[in-house]
Amino acid sequence: MAAGLLEQARAHLQAGRIDDAMTAARAALAASPEDLDAMLLMARILRRSGRYDIAAPMYDAILAHFPESAEGHAGLGACYGAARRYTDAIPALERAVALKPDYFEAWCFLGEALIEQGKTGAAIDCFEKSLAIAPFNHVAISKYLFHITFDPRFGAKRIFDLNRDWGRHIESAERRLGVARPARSGARIRLGYLSDEFRQGVTSRFMESVLARHDRDAFEIFCYARNADSVAATEMLTGYGDTWRNLSGLSDAAAAGAIRRDAIDILVLCTSYRAESRIVMAYRPAPVQVCYNNMVSTTGLTAVDYKITEPLTD
């Protein structure tokens, strides 16, 4: 019974259904209170839901009984990292990879903690170890492609090639949306702005002046926010757009499908410095696709037609 509940909990967690995952994991733990897998999964769900204050003591309790648990040390280190306790996080994560050298997630968590201590070179080495174990894994690849831009060991050609390798990997997967672009009437060009940083911050501040200056007789403006905390930005920017859509919680494919259903003519990605933010573009939800603002290098994607850059924003 416990094994079946654990499988259900893992499936829910992978699909992002945190509440359902928690319910199934609690039932599994109730059925088998001393099951290490059940305890670790419950702690992982708590950590993924941001309940670090509960997850960290649970990892401590696990390690008190199972001190050789690599996942226990990695989870505790990740909780410390989230709490900005990097001097505590690093030893825990180093212990995790010592116990399990092929633990690609722990190598990435360790790299993240080292970045926060200014040890960029050592962090990049950790990301590379993670990617050597699990090529193009989503935990490490975005951080790796971002931080190599600022490492003198990496020249422009190598940075371009690594981003392009990632782009080929993303575009090699079949990315058919199964969503037809609807026919529409109207003379205005539909212009969409996509970002996972439409919140109070740099991206919204830069984009406010752009949105405010559009010719509204010529353009119909759509804004797509992929971050859940977009309320403040919505209040600030909503007057500049005709339509605002919250795409937070949607998969890349679902987000791309929603954009295509709006029959957008030109899609502009406003935050492309993270590789994970660019994946929607690989589905080509719009016939013309542009990257603007918050860029550090090439997108690596052939699906991006144009790149607009300027010294003040990039």
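Tutor: Start with a cut-off: angles over 145 degrees between axes count as roughly antiparallel, and angles under 35 as roughly parallel. Keep in mind that this is a predicted model.

Student: Are helix 7 and helix 8 roughly parallel or roughly antiparallel to each other?
Tutor: Helix 7 covers residues 104-116 and helix 8 covers residues 120-133. Their axes come within 8 Å and cross at roughly 165°. Angles over 145 degrees fall in one class. Helix 7 and helix 8 are therefore roughly antiparallel.

Student: How do the residues of the contact of helix 7 with helix 8 divide by class?
Tutor: From helix 7 come residues including Phe104, Trp107, Leu110, Gly111 and Glu112. Helix 8 brings, among them, Ala122, Cys126, Phe127, Lys129 and Ser130. Gly counts as polar here, and Glu and Lys count as charged. The division is 11 nonpolar, three polar and two charged.

Student: Is helix 2 roughly parallel or roughly antiparallel to helix 3?
Tutor: Helix 2 spans residues 18-31 and helix 3 spans residues 36-48. The two axes come within 9 Å and cross at roughly 155°. The cut-off is over 145 degrees. That makes helix 2, relative to helix 3, roughly antiparallel.

Student: How many charged residues are in the contact of helix 2 with helix 3?
Tutor: Helix 2 contributes Ile18, Ala21, Met22, Ala25, Arg26, Ala28 and Leu29. Helix 3 contributes Ala38, Met39, Met42, Ile45, Leu46 and Arg48. Arg counts as charged. By class there are 11 nonpolar residues, no polar ones, and charged residues numbering two.

Student: Is threonine 23 buried or exposed?
Tutor: Threonine 23 lies in helix 2. Its relative accessible area is 53%. The cut-off is over 50%, so threonine 23 is exposed.

Student: Which side chain does a polar contact join to that of aspartate 262?
Tutor: Tyr224 is among the residues that aspartate 262 touches. The polar contact between the side chains spans 2.7 Å. The partner of aspartate 262 is tyrosine 224.

Student: What covers the buried residues of helix 13?
Tutor: Those buried residues are Ala255, Ala256, Gly257, Ala258, Ile259 and Arg260. Their cover includes strand 1 (189-195), strand 2 (219-225), strand 4 and helix 14 (275-282).

Student: Does arginine 84 count as buried or exposed?
Tutor: Arginine 84 lies in the loop between helix 5 (70-82) and helix 6 (86-99). Its phi is positive, near 65°. With 63% relative accessibility, arginine 84 counts as exposed.

Student: What is the phi of arginine 284?
Tutor: Arginine 284 is in the loop between helix 14 and strand 5 (288-292). At 26% relative accessibility, arginine 284 is partly exposed. Its phi is positive in a residue other than glycine, near 45°.

Key: Residues are numbered from 1 along each chain as its sequence is written. This is a predicted model: local features need pLDDT of at least 70, side-chain atom pairs count only at pLDDT 80 or more; totals for chains, interfaces and linings use all residues. Side-chain values use heavy atoms; hydrogens and water are left out. Axes are lines fitted to C-alpha atoms, for helices over the stretch in contact, and angles run from 0 to 180 degrees between N-to-C directions. Helices (H or I, at least four residues) and strands (E, at least two) are DSSP runs, numbered from the N terminus. Angles under 35 degrees count as roughly parallel, over 145 as roughly antiparallel, 65 to 115 as roughly perpendicular and the rest as oblique. Contact means heavy atoms within 4.5 Å. A polar contact is a pair of N or O atoms within 3.5 Å; within protein, one must be able to donate a hydrogen and the other to accept it, and residues adjacent in sequence count only if both atoms are side-chain atoms. Buried means under 20% relative accessible area, exposed over 50%, partly exposed in between (1.4 Å probe, protein chains only). Lists of a residue's contacts leave out its neighbours within four places in sequence.
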